[in-house]
Amino acid sequence: MNRIGLISNIGSFIRLRHQFVLSVAIGGLSGLGFAPYFAFPVAYFGVCAQAFLIRHSPNVWAAFVVGWAFGFGQFIVGLSWINESFAVEAERFGVLAWPAVATLSAFLAMFPALAAMATRYLGGPGPAALVIFPAAWCMAEMGRGAVLTGFPWNLIGYIWGFSDEVLQTTSAVGIYGLGLLTVLLATMPILIIERFRFGSLSTVLVLILAPVIGFVVLWAGGALRLAAADAPANGQRLRLVQPNIPQNQKWEPNQANGILDKLLALSTSGGGDRPRYVVWPETAYPLLFELGRNMPAALVASVPPGGLLLFGAVREAPERRSKDAALLNSLLVINDRGQLVADYDKVRLVPFGEFTPFKNVLGAMKMTVGDIDYIPGNSSAPVSFDGLPAARVLICYEAIFPRAREGDERWILNITNDAWFGLSAGPYQHFLAAKVRAIEAGLPLLRAANSGVSAIVDSYGRVDGMLPLNVSGVIDGRLPAPAPAGTLFGRFGHVPVLVVAALLVTAGTFGRRRPPTS
């Protein structure tokens with residue numbers, strides 16, 4: 001290699017190193033755009049800066065590096081709350097807290113890195129890359145929601161969580177589609193600069209007005225939808241119970257009776273005026289549920305006369321479901337005679353939380369109590385209850401996965417236990433994801449959380465009643481109606497956004513201007 005070539009390579013390495021550090025910082029700041037902070041400007045301009053760096057990367061591998069750095073910074077800030085779960089059993093897992101967050105962030109950063117690489121490869125060194133980038137980002141987020149067990153947490157569209165109006169966009173294109181539009185708005189200023197260059201007042205005005213008009217259109221469309229919304233809460237009355245049981249007490253044998261007594265007191269408060277349907281959170285029942293055994297008196301006494309108790313519990317999987325001992329994370333429904341009348345088993349499980357991937361190699365490394373793994377349920381089909389319309393049941397983690405409507409479901413029931421994460425950002429981000437599921441499907445959401453956030457949310461994402469974090473109490477309310485006309489996303493799912501992404505990639509690829517060859 002000659003001297004000039006060596007100097008050029010060293011210079012490229014130094015520039016890339018600076019871009020790497022800058023991208024980590026920009027990504028970290030953009031992580032503050034998610035709940036509960038909603039620092040929208042830093043998230044928006046962070047994506048804008050990332051698009052600029054990718055556009056001006058010297059090659060596809062440099063784009064990969066800056067994409068990975070941005071993703072790593074964003075995830076390690078946005079997901080920092082995960083370290084709280086390691087404090088529940090600090091003597092066993094405490095030392096792994098931040099290494100686990102960093103490892104997960106490093107893995108998830110591969111998705112924005114691949115989006116950056118695809119952008120630079122398909123778009124080349126010209127402005128066509130800026131047309132492709134929103135589509136590539138969207139496809140990478142979809143991939144993140146599907147690879148292995150999937151982890152579609154803190155998708156870029158959630159930075160709009162402060163605005164119910166803008167979130168209405170998800171009723172048409174889902175959260176992935178809102179993310180695509182968000183990135184498209186972020187690349188718009190760079191496209192304007194590429195097209196017009198700086199140097200005149202008119203260019204500056206276009207640079208400012210173009211994204212602002214985009215924001216206004218998103219907001220105004222949602223405002224009109226909300227103004228025309230009519231979702232009366234005229235269904236059956238239900239009670240959501242939030243017991244606020246500390247996670248480190250939840251499975252202590254000497255705490256079981258006290259926990260059941262607290263659940264009973266909350267379930268029966270209000271005397272004869274209480275609703276006929278009572279909902280407890282995920283794994284609220286503090287014992288292993290065994291059908292056919294005598295149920296604790298407090299459990300049966302919690303069922304309203306002539307009503308139902310819907311509660312989360314852990315139970316053993318039947319032998320036919322697993323060759324080894326295994327558990328199910330379930331929603332169980334009993335009547336006032338103690339009879340099990342309906343059930344649902346969680347389908348999407350949390351790696352290292354409920355089961356250990358590659359257990360033969362890694363050994364037992366899950367954070368829930370015991371060494372026995374959970375196994376997934378057989379079906380995510382709607383569940384029917386006596387006297388209530390069929391519901392889509394989402395247990396904890398399942399609420400972060402967007403999906404179209406299935407069958408005759410008329411509402412969403414989400415039970416969860418976010419006590420693992422204390423007062424951190426995690427429970428707020430989780431609640432926002434569940435709320436967006438309601439808007440996407442045009443279905444009301446009832447959410448019972450052990451330590452919060454519990455809420456009744458109508459089919460447009462408006463909160464009718466809520467219990468905040470770290471309090472115990474109940475919410476009594478009527479089941480809101482579904483959106484009368486349904487939603488575009490509920491009918492077609494991800495098809496519209498996939499079509500738009502394909503069109504953007506096609507336009508960017510064919511519009512690419514290749515540099516002249518010598």
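These legends describe close-up views of a predicted model.

View 1. The protein has 518 residues and a radius of gyration of 25 Å. A compact globule of that length would have a radius near 24 Å, so the two values agree. Along the principal axes, the C-alpha trace spans about 85 × 55 × 40 Å. The protein holds 16 helices and 13 strands.

View 2. Buried residues make up 54% of the 518 residues. The protein exposes about 22,100 Å². Carbon and sulfur atoms supply 63% of that area. Among contacts with a separation of 6 or more, 69% join residues 24 or more positions apart.

**View 3. Isoleucine 159, a buried loop residue.** Isoleucine 159 sits in the loop between helix H7 (128–144) and helix H8 (164–167). Its relative accessibility is 0%. Buried means under 20%, so isoleucine 159 counts as buried.

**View 4. The surroundings of isoleucine 159.** Which residues does isoleucine 159 touch, not counting those up to four places away in sequence? They are Gly33, Phe34, Phe38, Phe40, Ala43 and Thr182. One of them, phenylalanine 38, lies 121 residues from isoleucine 159 along the chain. The C-alpha atoms of these two residues are separated by 6.1 Å.

**View 5. Strand E9, enclosed by the rest of the structure.** Strand E9 covers residues 411–416. Six of its six residues are buried, so the strand is largely enclosed by the rest of the structure. In a regular strand, side chains alternate between the two faces of the sheet. Both faces of E9 are covered. Trp411, Leu413 and Ile415 are buried on one side. Ile412, Asn414 and Thr416 are buried on the other.

**View 6. Strand E9 and its pairing with E8 and E10.** Strand E8 (residues 388–395) pairs with E9 in the parallel sense, over five bridges. Here alanine 391 stands opposite tryptophan 411 of E9. Strand E10 (residues 445–449) also runs parallel to E9, and five bridges join these two strands. Which residue of E10 is the bridge partner of isoleucine 412? The partner is leucine 445.

**View 7. From E9 to E10 by way of a helix.** Helix H14 covers residues 426–441. Together, E9, H14 and E10 make a β-α-β unit. Is this unit right-handed or left-handed? The unit is right-handed. Its two strands, E9 and E10, are the parallel pair joined by five bridges.

How values were computed
Residues are numbered from 1 along each chain as its sequence is written. This is a predicted model: local features need pLDDT of at least 70, side-chain atom pairs count only at pLDDT 80 or more; totals for chains, interfaces and linings use all residues. Side-chain values use heavy atoms; hydrogens and water are left out. Helices (H or I, at least four residues) and strands (E, at least two) are DSSP runs, numbered from the N terminus. Buried means under 20% relative accessible area, exposed over 50%, partly exposed in between (1.4 Å probe, protein chains only). Contact means heavy atoms within 4.5 Å. Two strands pair if DSSP finds at least two bridges between them. A crossover is right-handed if, with the strands pointing away from the viewer, the path from the first strand over the helix to the second runs clockwise. The radius of gyration is taken over C-alpha atoms; the globule rule is 2.2 Å times the number of residues to the power 0.38. Accessible areas come from the Shrake-Rupley method with a 1.4 Å probe; for residues, only the protein chains shown count as cover.
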